[in-house]
Structure formats: C-alpha cells, structure tokens
Amino acid sequence: MLQKIRVTQALAHLVATTRWDDIPQPVRHQAKRSLMNYFAVALAGCRTGPVELALRSLAGFSAGKNAAVVGRAERIDALSAAFLNAAGANVFDFCDTHVRTVIHPTAPVAPALLALAELRHVSGPDLLLAFVLGQEVQARIGLAISPAHYDRGWHITSTCGVFGAAAGSGKLLALDEGRMVSALGIAATQSAGLCECLGTPAKSVSVGNAARNGLWSALLAEQGFDGPPEPLAGVQGFYSALGGPTDLSLVTDGLGESWELMRTAYKPYPCGFVIHPVLDCVLDWRRDNPAAAVKKVVVRGNPLLRLRTDRPDVSSGRESQVSVQHAVAAALVTGKAGLEQFTDACVRDPAILALRRKVEVEVDPACSTVAAAVDILADGKTWNLSQAAARGSDQNPMSDKDLEDKLRDSAAGWDAGHDIAPLIEAVWALEDSADVSRLALLAVPRG
C-alpha cells in the first residue's frame, strides 16, 4: 500500500525530463557559485586526518585509478573518489547550506558527478544540469521532514544527500523515469547518518557514503538493478522509517518552477552555520573594541543553536566547529574566525579556554537559523548586538568575488605555488565547456 502522492515518481519525472534550456539563468549561475565554493572547501579539507586515514583504508581495495582526489596527486577508483572528495569538502563544516533544511547540499552531489565525468563524456551544461537537479531532489526530500528529522538526530546532509547524488548521477547516465525511481530506491535503503557523530571524524563517513552510494545507486539502476516503486512514501519507505512528521506537498508543490538551489548560503566561517550570525556580531564588536576586557557574553538564537552548538567543553578542533562558546571566545581573543581558530591548538589556548566559560546560550523560538543576538558585558558596560541575516546567508549573500577569494585563500593555504586561476576561469566558463573530465584535475598538484 502506497501513499496517495507518488513523490518518488514525481521527482524521477523531473530529473528524467528536465533539459538545460529549462533552467533559468540565475539558477545556472548559482550552480557555478556552488561549485566554486565546493573546490574551496575541498582543498581546505583534502589533507586532513580523516581524509588521510580514509584514503589509506580505501586504497588497499581499489584496483582502478580512474578518478582524481581533489588537491592530491593520488588517483583512485571513481566510487572511492566520490567518498573522499565528499568527506574532504565537509570535514571543516565550511561548505554551503540549504537554509530551510540545513542540508550541506554540494558536498554529497558534486563529488559523485565529478567522478562520473572522468568515466563518461560530460559537457559543462550536462554537469550543471545534473548538479541543479541533484540539489533539487535532496532539498525537496528534506523539506518534507524538516526540522523534525534533524532534531531527532539524523544528519540530514547524509540521509538526503544520497538521493541528490543518485539523482544527479542518474541524469548524467540518462536514466529514464523507471530506472530513476530504482536509483532513488537503491539510495533510500542506504540513507544514513547521525548527528551524534558531529564534531568527530565519524561524521565524514556518512557524508562520503552519501556521494559514493548515490553514484553507485545510479550505476546499479543503469544496469537494470530494481528498487521498490515508492521508496520515499511507501508504508515502510524512507519517510515512514526515518522521517516522523511529514508534509509531502513540500516535495511536489512548484516542482520544476522554483529551484531550491537559489536558497543556498555560503559560509565565510568554518563552523556550524547557526553560529555565523553570532560571529558576525562578535567580530564587528571586537574590531571596534580591541582592548576591552570581556566579563560575560550571552548569545540568543534559534533553538538549533542550543541543540547543536551549546558545547562549552570541547577538546579538539573538530569539536570546536560545533561549539558556539569556542567560536565566540576564539573570535574575541584573536579577532578572527578562520581555519586557525578551529584547531586543536586554539582549543587548548588558556585565554580562549577561560573565555569559553563566560559564554551563555539562550533560545529565542522566533529567531531564524541565520539570525542571532549577542549581549557583551565588558569594562562595566553592556553592548546589545544583533544580526538579522548572517553574512553568506541567502538573504545576505557572499559575492562572486568573495567566493573566488575563498577559493584563492584555501588554495594558498594548501599549496602556495599552485596557480588556481585556471580552475576559477573553468568554473565560470562551464556553460561553454564541451568536456569537463579534467575539471577536478585543475585542483591537483602539478608534477
């Protein structure tokens, strides 16, 4: 017995029938912005401990060397490349965010498509179309169960990202509607990821698997591997098993008319996005009050701020990325909120440790996830600060130049001698590219 609304069929129809000419120009440009941001965060994360360990583990089982690992000279099989490039892009919590669901949408989708582009002939418009559709599918699936799904502890980037990777990969493989339903069904039974793993390397496993298993789901469906006819809304399907309260109309209403990619936010800071409006307030205040001695800080924000980031006692840089107390303290002490502020060394800094204990978190249910208020008590005075829309949010977006600079900064920290300009130019020129098989290679060390 199925639900009345056949949501999987509707999504499969969208993916199978949508053509490049159906995608509005602003959505095309936003896709390129997301890919620019993807390469920035993938380069930032490509040599981290979790990626090193995962590469070492996977290499022993990889006979093929047909796909690039972003930022690294090693080559590996396409499925493992999708895993590693997704894990690396998300490891620093520096990637993009679909604000309405808090899915990090590009990390699961782009690596699957880039790996497939090294196996099959893919043009720039092909890549961008598949990317837009993959993002649309995962966001629509997530909207129907947000915010309850995430609040229950499911890591929505991973649980919904596998559908985005499957849909985008299926588009590149030209799956018809029936096989697209199967690809989504195969993806559905591999949907997994727990918020309990946030702040640990284990988080990277489910994000990497979302890309890998989504790609594999499409490849299996291409070979005739069947799945259930309604894997999403079936009686024992994805929504029944994992979702809790579900509004299926959010999957189908306006499908193909409005595009969720346009609701993407890009992160200026490498930490949980709900922390960003807090950091905006704190950094602006510190710039104007560099010598003030802080006695107490109270932050107020969306319930998700407390649920996910109220962590005053952290012991590693990875944990600090989801600690609002650490982010505030590090920003106040250093005047910055970059990658260096979320390292093991920064977590152990005595001055930052002392200030973390002075940060309190309060909940304002009326506050959006991109807004916050901060009260700072210092030098006998209290400053009342607020941010209505975090820098980088869809309401206060980073510019194209900001995203280019983010990629340049990541590239300089990764390999100061590597000229990243050809990659920047190639991303902006994707609509005119006949073959994108070497796109990822522009982010690989020469020699």
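**From the whole fold to single residues**

Tutor: Of the 447 residues in this protein, 61% count as buried. The model under discussion is a predicted one.

Student: What radius of gyration does the protein have, and what would a compact globule have?

Tutor: A compact globule with 447 residues would have a radius of gyration near 22 Å. The C-alpha atoms fill a box of roughly 70 × 55 × 40 Å along the principal axes. The radius of the protein agrees with the globule value, for it is 21 Å.

Student: What share of the contacts with a separation of 6 or more joins residues 24 or more positions apart?

Tutor: The contacts considered are those in the protein with a separation of 6 or more. Among these, residues 24 or more positions apart account for 79%.

Student: Let us turn to Arg140. Is this residue buried or exposed?

Tutor: Arg140 belongs to helix H6, which comprises residues 124–143. Its relative accessibility is 2%, and a residue under 20% is classed as buried. Arg140 is therefore buried.

Student: How many disulfides are counted?

Tutor: A disulfide requires two cysteine sulfur atoms within 2.5 Å. The sulfur of Cys46, a buried residue at 4% relative accessibility, has its closest cysteine sulfur in Cys95 at 15 Å, which is too far for a bond. Cys367 is buried at 11%, and its sulfur lies 9.7 Å from the closest cysteine sulfur, in Cys281, again too far for a bond. The count of disulfides is zero.

Student: How many aromatic pairs does a search of the whole structure find, and what is the arrangement of Tyr38 and Phe39?

Tutor: The search of the whole structure finds four aromatic pairs. In the pair of Tyr38 and Phe39, the ring centres are 5.3 Å apart and the planes stand at 65 degrees. Tyr38 is buried at 1% relative accessibility, and Phe39 is buried at 0%. Planes over 60 degrees apart count as edge-to-face, so the arrangement of Tyr38 and Phe39 is edge-to-face.

Student: Which residues form one aromatic cluster?

Tutor: Phe238 and Tyr239 form an edge-to-face pair, with 5.4 Å from centre to centre and 65 degrees between the planes. Phe238 is buried at 4% relative accessibility, and Tyr239 is buried at 4%. The cluster is formed by Phe163, Phe238 and Tyr239.

Student: Which residue has its backbone oxygen 2.9 Å from a polar atom of the side chain of Ser62?

Tutor: Ser62 is found in the loop between helix H3 (49–59) and strand E1 (67–68). With a relative accessible area of 8%, Ser62 is buried. Beyond its neighbours within four places in sequence, Ser62 is in contact with Ile76 and Asp77. The backbone oxygen at 2.9 Å is that of Gly64.

Student: How far apart in space are Ala31 and Leu128, C-alpha to C-alpha?

Tutor: Ala31 lies in helix H2 (residues 25–45) and is buried at 0% relative accessibility. Its contacts, apart from neighbours within four places in sequence, are Leu128, Phe131, Val132 and Leu261. Ala31 and Leu128 are 97 residues apart in sequence, and their C-alpha separation in space is 6.4 Å.

Student: How far apart in space are Ala210 and Asp247?

Tutor: Ala210 is part of helix H10 (residues 202–222) and is buried, with a relative accessible area of 2%. Neighbours within four places in sequence aside, Ala210 is in contact with residues including Pro108, Ser158 and Val162. Ala210 and Asp247 stand 37 residues apart in sequence, and from C-alpha to C-alpha the distance is 23 Å.

How values were computed:
Residues numbered from 1 in each chain as written. Predicted model: local features only at pLDDT ≥ 70, side-chain atom pairs only at ≥ 80, totals over all residues. Heavy atoms only, no water. Helix = DSSP H or I, 4+ residues; strand = E, 2+ residues; numbered from the N terminus. Buried < 20%, exposed > 50% of the residue type's maximum accessible area, 1.4 Å probe, protein only. Rg over C-alpha atoms; globule rule 2.2 N^0.38 Å. Contact = heavy atoms within 4.5 Å. Phe/Tyr/Trp six-rings, centres within 6.5 Å; stacked < 30°, edge-to-face > 60°. Polar contact = N/O pair within 3.5 Å; in protein donor to acceptor, adjacent residues only side chain to side chain.
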